[in-house]
Every structure is written in C-alpha cells, then in structure tokens.
Amino acid sequence: MCGIVGIVGDKATARAVVDGLKRLEYRGYDSAGMVLASNVGFEVKRISQDTSSVALLDDWVNAKEVEKVSAAMGHTRWATHGRPSEINAHPHLDCSNQFAVVHNGIVENYKEIRERLLKLGHEFASDTDTEVIVHLVEERFRLNNDVHQAVSEAFEELEGSMAVVVLNLKEPDSLYMMRRMAPLVIGTDLDNLFVASDVPALLDSVTTYFSVPEDTLITGSVRRGKVVLEPVPEVLEVDWDISKVDVGGYSDFMSKEIDEQPRALRDTLAGRVDKVGVISLDELKISPEELKTVQKIVIVGCGTSLHAGMVARYALEHFVRVPVEIEVSSEFRYRDPVLSPTTLVVGVSQSGETLDTMMALSEARASGARTLVISNVVGSSMARMADAVLYTRAGPEISVASTKTFVAQIGALEILALYLADLKRTLFPSEVQELIAKLNDVPNALSEAISSISDYEKTTQTLLGYERFYFIGRNVGYPVALEGALKLKEITYTPSEGYPAGELKHGPIAMIDDKAVVVAIASKSALYEKLLANVEEVRARGAKVVIVANEAPVDSKLRGDEVFLVPRVHQLFSPMVDVVPLQVMAHYISVSRGLDPDRPRNLAKTVTVE
Ligand code: M6R
C-alpha cells in the first residue's frame, strides 16, 4: 500500500526521493507525487498514471534542473478514499501552503473532521481522508502558533491505523513523523534525516535505523549539519544490504526470489538449534513453563501466510498433540473466538504490518491469550506487539507474489512445532533431533527442485491454451493446492481454485471439462492412492492432468498426463518443495502473456487497511 520517502539535509533531492519510491514500488500504487522545499519556496508534482506513475515522476526528475533543496518528500498512493487522480495524489497541502503531508493508512474519523474544518472555512482540494490531517495541523497552528504542538494535537484527533509525515514548508529543516499500526522507519547518516515506509527505500544512504514507536510523535531536524531526533527512538538492527533489493541479472524479482528459496530456508533454520539440541526462538517473552501449559494453538494470517500456517497445522498437531485452529485474520477478529491464557495465537505475516493480522493479534491479547509472531521484518509492528517472535530470514521480498517467504514461514513454523514437542515431551529428544536433521535436508532438496526450473517451464508450455485451473491435494498437499491457485490467479488473472481432493465430487467437479487443467499435488504419502483415484475422476471428464510428484506415477505417460517431478523429503515438509513448480508455472504463464509478475494489478505487497 502507500509508500513514503522523506529526506532532510544535503541528500534531499528529487532524484533520491524518486529512487526511494522505486524501491517501494512493490508495495503497490496507482499514483505518485513529491514536494521539494527550500528556504525560498517549494514545488509539488503529482502524477496519476497507475503503475507508470513512478516512471513518469522519474522522467520529470530527469528533465528537471538539479536544484538545492532542504527537504524532499515523496509518496506512492494506493487509493482508498477518492479515485486515483492527480488531485488525490499526495502530498496534500493546507489552505495557507505552509504544511505538506504524506500518509499511509486510513483516517477513520475523517468525515467529521472534514465537516468541522469546512465550517471553519477550510477549503479542500481532494476527496481524500488524508487532506484533513494537513488542514487540522493548520487549524491547530492558527490557534497555538507552535508547529510541534499543532502536529501533536492533530495526530491525537486522528482515528484509525496510519503512518503520517508532515513537513513545515516555511521552515523545511524538520519532519514530524507518527505511526499507528502502520510501518514507518527513520534513518540517519552523519548529517541527513530519512524516513520511509520500509527499509529498502533507504538502504543506499542510511547508517543507523530507528523504529518509530506506536502513537508517538517523533520530530527529526537537521540544523547546522546535525541530526536531532526528539524523543530519540530505539535503534533498529537491519542486516539487509542493497544487493538484496537489486534485481541483479534476473528479468524480475519473482524469478530471483524463487531462486533464493534454498538460501532463505537455510538462513531461517540456521542457528535455531545449539550443539546440545536446544531450539531457540528470537524474542521470547513467554517462559518455557508457560508454553508447556498451552492447550490450544490458533494460527491467523492472510493469503500466502495463511497457507503456510495451514501447512504447519499438520506438524503441530502430529508432533505436539494440541488442537490447532486456523483462521483468516479478518474473520477471526469478528467471531468472538474462545481464547484463554492457555491458548497460543500465532500470527504469520511476512511484512509484520498486515492490518487484519495485527488486529487479530490484538484481539487475542485482549482476550488473555499468549501471542507469537512469525515475521520476515525485524522490529515490525507485529513483532513488537507479540509475546514472542520467530523471524524468517528470507531477506527482503520485493515481488508482490510471495515465494521465498512462504517456504521460510513453513520452516520457522516447523521449528516452532519441534520446539513445543521438545518442551512438552510429546516427542523423544532423539526423535526431535532426527526431525531437525530431516528439516535441514530440505534446503538441498529445494536446490534440486530449482535446478529443474527449465523442465517445469517446458511442461508449462503445454498448458498455455487452457481456460481454467483447479489445484487439488490431500493433507499437507491441500494448502499447497491453495497456494498454487493463489499464485496463478494473482499474477496471470486466470480463474484458478484450490480444493481438498476429496471435496471435488461435492460440487467443483461440475466445472471439469476439456478446457480445464487439474494440478494434483501427489507426493507419495498414505493418501497417494486416494488422490490418484480423484485424478482418474477428472481425467475421465476431459481435464488436462498435471501431477506434482516425487515419483512419477507409472502410467502417467501412457495417459498423457504432465508431471512436475520434485525431490523426496519428509512428508510433512514436502510443501516447501512441492510449491516450487507451481510458482514457476504461474511465473511462466504471466511472462508469456506479457504481464509483469512483480506488480500484479490491484494488489499491494503490504495491506495496511482492513
Ligand atoms: O505480509 P503478510 O504476509 O501479512 O501478507 C499477507 C498477504 O497479503 C500475502 O501473503 C499475499 O497473499 C501474498 N503476497 C500473495 O502472494
């Protein structure tokens, strides 16, 4: 969703802002804009050309004379209130052109504030909720003549989740920054101040990062070459480097990130188990004694993260012998769930900022449950609010379509399952060790799957003309089917659904004909034969059959089926390798249709609205 980049100091240039915005493109947007301010005036540029907006802003910057400014602030907007248009693009200004604001999130009480301000004579230029912020600051400033106090009072009035940055255009040496359940990170080098929605925007300039605490106004100023932050926020450890947000020699980030999966999983598993076999989590504010008392686990997440949670449910129930419920975050929160201090609610989120999951976790905390977060972003909002954190170490994921973080999330959740099984003694220590060794084999299996990418692509060529895709699986193959369908629909816009294979005959089989492809996740397991029986049913109705298997069914060639061959690993860990050909298939179809797999229409990488 919206992206923010702000700079004060010598490095505040239109070029630096647009370069930062480019690194936030993955968040999704439909318009873009920036403000450049110096002691002699300011300039605003807004462009609304959907996903070309940042490129056009780049052209505008290229054509412009380089000028010395004191502060520069840019924004990519993902429309919520008011259609995508130039007037609705940020930054927004107040009536007196003294303040500029950029904002990510939603001001829930904007209507009443707007009505009040209209009565006071304020004139609005846009249809956005954002614009009320800047008029509110103006109004407060008119009353108290103190910028800090005006911004602080304005922020206090705003309801909803959001990240906001205000620039005083008359004195452009300071930024006023605030966040509530939305991402915002501050950075500094020796004499410049930076702020952005996410670390990748700042990686080439910043030496020290700071996390912005919830609901706290931070004022950052650069005066006489010195950066001052008030109050001084907590330092954020960031170990990402610029190469990780560079597409390198790849045609797009998705193919790079598919390739990075063995490394992402290896790093996520590394160092979790010490020499004597003790597993550790990252930040654990729940004692092992308390964790031993856990009677029920609830996993919440959205999209791909939900699917990773669904995979882990099988291992958690099998190894830890506790009931595991799994629910879409946006539904969990509104169903009055039965929770207690012996319930562990696990939030799975790559970004750690997805509002639905964050609200689900806060609901869980309010009901007295313990919370644990699996996140890919150190210091993310969820990581900070939960009782315990287990980080995936996949590195920044830029493509909107999640790939390497799915695999890393499953790896982290399997570690959690083994940790709890060890703690509760539902497995013998020797069994835990054996399983850890098997888990540590998966990165190599993933490398083997990656080395088959050209085979998977060749197979996919035979599927290009089909209209509809159905993915089926049983047991851990079921969430893989859901993930395969999600990947295909999000980056190719092809109708695709995932089902538990046994459910086909209860309805979906009515859709099967010779225009349909059925992809069956059929790695060898106790349910293998049953799954092949379901495959027979769809083949008999004319569907093109594709089988994901660690051993090709003997008669597949004879029957004209296609096979995606994957390496064999422990059955409960197999989703991490079974998913690879499905990611490759979606990517191949997307590129062959001339689409951009990294930036699918209508989607945002981090969804910070409900
Ligand atoms: O950052 P999160 O993991 O919380 O994001 C949740 C979903 O929006 C996300 O997994 C989405 O479904 C994927 N990007 C799709 O590939």
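Predicted model: local features only at pLDDT ≥ 70, side-chain atom pairs only at ≥ 80, totals over all residues.

Q: How many aromatic pairs does the structure hold?
A: A pair here needs ring centres within 6.5 Å. Going by that cut-off, the number of aromatic pairs in the structure is two.

Q: Are the rings of Phe99 and Phe141 stacked or edge-to-face?
A: Planes under 30 degrees apart would count as stacked, and those over 60 as edge-to-face. The centres of Phe99 and Phe141 are 5.5 Å apart and their planes sit at 80°, so the pair is edge-to-face.

Q: How many residues apart are Phe99 and Phe141?
A: Phe99 belongs to strand E6 (residues 99-105), while Phe141 is in helix H4 (residues 131-144). The pair links distant parts of the chain, and the separation is 42 residues.

Q: Is Phe141 buried or exposed?
A: Buried means under 20% relative accessible area. Phe141 comes in at 16%, so Phe141 counts as buried.

Q: What is the angle between the planes of Tyr456 and Phe564?
A: This aromatic pair is edge-to-face, with 5.5 Å from centre to centre. Both residues, Tyr456 and Phe564, are buried. The angle between the planes is 85°.

Q: Which parts of the chain does the pair of Tyr456 and Phe564 tie together?
A: The two residues are 108 apart in sequence, so the pair ties together separate parts.

Q: Which ring does Arg601 lie over?
A: Arg114 has its charged end over the ring of Phe124, 4.5 Å from the centre. Arg601 lies over a ring face too, at 3.8 Å from the ring centre, and that ring belongs to Tyr493.

Q: How much space lies in the largest cavity?
A: There are three cavities of 30 Å³ or more in the structure. The second largest cavity holds about 120 Å³. In the largest cavity, the space is about 260 Å³.

Q: Which residues lie closest to the centre of the largest cavity?
A: The lining of this cavity takes in 29 residues. By class they divide into 14 nonpolar, eight polar and seven charged. The closest to the centre are Pro183, Ser197, Asp198, Glu353 and Val377.

Q: Which domains each give at least three residues to the lining of the largest cavity?
A: Among the elements, strand E11 (208-211) and helix H12 (381-385) each give two or more residues to this lining. At the level of domains, the ones that give at least three each are domain 1 (3-245) and domain 2 (253-440).

Q: How many charged residues are in the lining of the second largest cavity?
A: This cavity is lined by 14 residues, with Arg474, Gly477, Ile521, Ser523 and Ser525 the closest to its centre. The lining has six nonpolar and six polar residues, and the number of charged ones is two.

Q: Which element gives the largest share of the lining of the largest pocket?
A: This pocket holds about 590 Å³ of space and is lined by 26 residues, with Cys302, Gly303, Thr304, Ala604 and Val607 nearest its centre. Helix H9 (303-320), strand E18 (343-349), helix H11 (355-366) and helix H16 (477-492) each supply at least two lining residues. The largest share is five residues, and it comes from H9.

Conventions
Residues numbered from 1 in each chain as written. Heavy atoms only, no water. Phe/Tyr/Trp six-rings, centres within 6.5 Å; stacked < 30°, edge-to-face > 60°. Helix = DSSP H or I, 4+ residues; strand = E, 2+ residues; numbered from the N terminus. Buried < 20%, exposed > 50% of the residue type's maximum accessible area, 1.4 Å probe, protein only. Lys NZ or Arg CZ within 6 Å of the ring centre and 35° of its normal. 1 Å grid on protein atoms, 1.4 Å probe; cavity = no way out; pocket = protein on both sides within 12 Å on 5 of 7 lines; lining within 4 Å. Points joined across faces, edges and corners; volume = space filled by probe spheres on them. Nonpolar A, V, L, I, M, F, W, Y, C, P; charged D, E, K, R; others polar. Domains from an automatic or database assignment.
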